[in-house]
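Hi everyone, thanks for making time for this.

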Amino acid sequence: MRDHTPDFKMQELSAENKSLIKETVQQLLVRLAGDSQLSSGSLLEFWVEVPGVKRPRGTYRGGFLMPDSFVYITDYVQADGDRLVPAPGYREMDKAWDDLLDELYYQVEIFTSQADDSRGIMLELWTGHRNRPEGEWIYAVDRKIELV
C-alpha cells in the first residue's frame, strides 16, 4: 500500500491571518443565523488558491466544483432565533468558537503549507446549505480574503 500523504512541513497561520479568518467566519455565520438559514446541513466551506501551485479542482458528475474542505457548523454553534448559541456539548460560546476555528485553521494550514509565503494566497469562505446530492447552493453567503 502506498502512502499518498504529501511530504511537507506544516506552517502555522500567523496571528494576523487567524484574526482575519476569525472575523470573516463570524460575520458569515452571524449573517447565516440572522437570515434564519442555519440548519443541521449548513456547512462552512472554503477554497484555497496558492500562487504558482497548480492543483485541479474536482467536480461531481453534475458539474459543480468540489470544495477543498468544509466544517459542519452545527457541530459547534446553532441558531436561537436570529442569534448564535453554543451547540449541545458546549457550555460557553467562546469554547465553541475556539473549537470551530481551530478545526478551520488546521485545514487551511494543510492547504497553505505548500507555499513559501502566505502573501498572495486567496482564501474563499462561504457558508450555507446545498441541495443534495446535486450540490447546488440553496442559500449561501461568501467572502474572499487574501492572507497576508
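Let's start with lysine 95, which counts as partly exposed because its relative accessibility is 44%. For these labels, buried means under 20% relative accessible area, exposed means over 50%, and partly exposed is in between, with a 1.4 Å probe and protein chains only. Please keep in mind that this is a predicted model: local features need pLDDT of at least 70, side-chain atom pairs count only at pLDDT 80 or more, and totals for chains, interfaces and linings use all residues. Residues are numbered from 1 along each chain as its sequence is written, and side-chain values use heavy atoms, with hydrogens and water left out.

What does lysine 95 form with aspartate 99? The two form a salt bridge, with the closest N and O atoms 3.0 Å apart. A salt bridge here is a side-chain nitrogen of Lys or Arg within 4 Å of a carboxyl oxygen of Asp or Glu. Side chains of opposite charge can pair when their charged atoms come close. Aspartate 99 and lysine 95 are four residues apart in helix α2, so about one helical turn separates them. Helices (H or I, at least four residues) and strands (E, at least two) are DSSP runs, numbered from the N terminus.

How many salt bridges does the structure hold? There are five. One of them joins the side chains of arginine 31 and aspartate 35, at 3.0 Å from N to O. Arginine 31 is partly exposed, with a relative accessible area of 47%, and aspartate 35 is partly exposed too, at 32%. Another salt bridge brings together the side chains of aspartate 80 and arginine 83, at 3.4 Å from N to O. Here aspartate 80 has a relative accessible area of 43%, so it is partly exposed, and arginine 83 is partly exposed at 48%.

Now let's step back to the whole chain. It has two helices and six strands, and from the N terminus on the elements run α-β-β-β-β-α-β-β. Of the 148 residues, 39% are buried. The accessible surface comes to about 9100 Å², and 46% of that belongs to carbon and sulfur atoms. Accessible areas come from the Shrake-Rupley method with a 1.4 Å probe, and for residues only the protein chains shown count as cover.

Contact is our next word, and it means heavy atoms within 4.5 Å. Among contacts between residues at least 6 apart in sequence, 66% join residues at least 24 apart. Glycine 34 and leucine 84 are 50 residues apart in sequence, yet 8.7 Å apart in space, C-alpha to C-alpha.

On to the rings. A pair of aromatic rings is described by the distance of the centres and the angle of the planes. Rings of Phe, Tyr and Trp (its six-membered ring) pair if their centres lie within 6.5 Å; planes under 30 degrees apart count as stacked, over 60 as edge-to-face and the rest as tilted. The structure holds four aromatic pairs. Phenylalanine 70 and tyrosine 72 form an edge-to-face pair, 5.4 Å centre to centre with 90° between the planes. Phenylalanine 70 is partly exposed at 37%, and tyrosine 72 is partly exposed at 39%. Ring pairs also link Trp47, Trp126 and Trp137 into a cluster.

Let's stay with tyrosine 72 for a moment. This residue sits in strand β2, residues 69-72. Not counting residues up to four places away in sequence, tyrosine 72 touches Ser40, Ser42 and Leu43. Tyrosine 72 and glycine 41 are 31 residues apart in sequence and 7.2 Å apart in space, C-alpha to C-alpha.

My last stop is histidine 129, in strand β5, residues 122-131. Is histidine 129 buried or exposed? It is buried, because its relative accessible area is 13%. Leaving aside its neighbours within four places in sequence, histidine 129 is in contact with several residues, including Gly41, Ser42 and Trp137.

That's my tour, and I'm happy to go back to any part of it.
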